[in-house]
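Please read these notes with the model open beside you. They are numbered so that each point can be checked in turn.

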Amino acid sequence: MHRAPPFFTPRRRRIEPLVWALGLATLVCGLLRPAPASAKPAAVVGVVEVQAGRFERRDTTAWVQLPPALVGQPLELLGTDGSRQPMQVDSGGAGAFVVRTLGKGQRGSYRLTKADNASAQREGVSVERDPNGLWLGIGKQRILRYQALGVAPRPDVAQHFVRGGYLHPVLTPGGALVTGDYPPEEEHHHGIWTAWTSTTYQGRTPDFWNMGKGSARKDHVAIDRVYAGPVFGGFIARLTSTDLGTTPPTPVLQESWGVAVYRTHAGKAPYHLFDLTTSEQVVGKDPLILPEYRYGGLGVRGASAWSGADGAQFLTSEGKGRLDGENTRVRWCHLGGLLQGKHAGVAVLIHPQNFRAPQPVRLHPKDPYFSVAPVKAGAFSLEPGHLYASRYRVVVSDGAPDPALLERLWNDFAEPPTASFSAAVDAR
């Protein structure tokens, strides 16, 4: 049996513990327009240089570490063509921006300036609270909802199925709903969620996935942080996995969820993009043993209209579909189908530093659902004192799956461009 590795160490300098844990390899957008001729020249605080690396870049993310004095400042990047776009800086001094176009192996350069109030208030990613959760969106367009509290959608749903701590609805740029929740045939499926299925803890066998068994639960605990801005917005939440086989019930796992939506395009976006980063830790002194099993880990439930053997379309990074893709290891997996006569879908990109990446997937033969399940490749255990972390990027789009686009976005996720900052005496 293998031990799950501790939380992976990023290749670059750790930016801010919570933000990096969220996988905020960010994407930024802004209306690119020349500064008015009559405007007072902005004070240039430095120069940012970005290197594309091994891949061509389009509307992709770069991070740059900035001096502490720039934390909290509204900043803009000025291109050599006179274009401008916002840079969002986190509390650790890491600034995020979008590289619009940069050829393979090329370098780009920007002047970094302090933005005026009007530029700093451009439309960005918003977070909207409601009594049962959070909505994340770009401007007035909602993108996804974090269902924090458990609420039964129908009177016939038994109480032991009711849970919070998942993403639903998830919407395409055209407004199509691509996730399902509490489907009658699988009431433990909830949009995009996480849970382990076959487990052993202190000699008992709690099942945190199939909550209908009554042996265990998975629940939301608290929202620890929300943030919004011109580049990205999201939240950090806490969840818990509880063994119901004891009196009182025994908490087994503490889990942190980080979700970040990125504004990747000016105007209407061709796709929505967000990251889900999870980290789990055993509560007590005993390991949680995860035997080899056919599913468990990350789950994605598609729209109810895709039910049935012919209702959903699957596509993996290896070019495989529903039947030949089952139990294969992938870098990304797409699930989609027709909604009111038009194609739409959702794809999960798997970070290469995840445990056992490329990770195995369970593609259900009849239901519109798949699981990214490292347990399919053999048993392992979550050990006390170690964090088990996973990073996923989710692409939500209208239309049929585009393998070339998903491959490009996976390259950006796996190996983002690099950037550096240099203070300038007079960069103008």
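1. The charged end of Arg-331 lies over the ring of Trp-410, 5.1 Å from the ring's centre. A charge counts as sitting over a ring if NZ of Lys or CZ of Arg is within 6 Å of the ring centre and within 35 degrees of the ring normal.

2. This is a predicted model, in which local features need pLDDT of at least 70, side-chain atom pairs count only at pLDDT 80 or more, and totals for chains, interfaces and linings use all residues. Residues are numbered from 1 along each chain as its sequence is written, and side-chain values use heavy atoms, with hydrogens and water left out.

3. There are 15 aromatic pairs in the structure (rings of Phe, Tyr and Trp, the last by its six-membered ring, with centres within 6.5 Å; planes under 30 degrees apart are stacked, over 60 edge-to-face, the rest tilted). Tyr-146 and Trp-257 make a tilted pair, 6.1 Å centre to centre with 50 degrees between the planes. Tyr-146 belongs to strand β10 and Trp-257 to strand β15, 111 residues apart (strands are DSSP runs of E, at least two residues, numbered from the N terminus).

4. Both Tyr-146 and Trp-257 are buried (under 20% relative accessible area, 1.4 Å probe, protein chains only). Of the protein's 428 residues, 58% count as buried.

5. The largest nonpolar core has 42 residues, and Tyr-146 and Leu-144 are among those with the most contacts inside it (a core is a set of buried Ala, Val, Leu, Ile, Met, Phe, Trp, Tyr and Cys residues joined through side-chain atoms within 4.5 Å). Strand β22 gives the most to this core, with 4 residues.

Conventions: Buried < 20%, exposed > 50% of the residue type's maximum accessible area, 1.4 Å probe, protein only.
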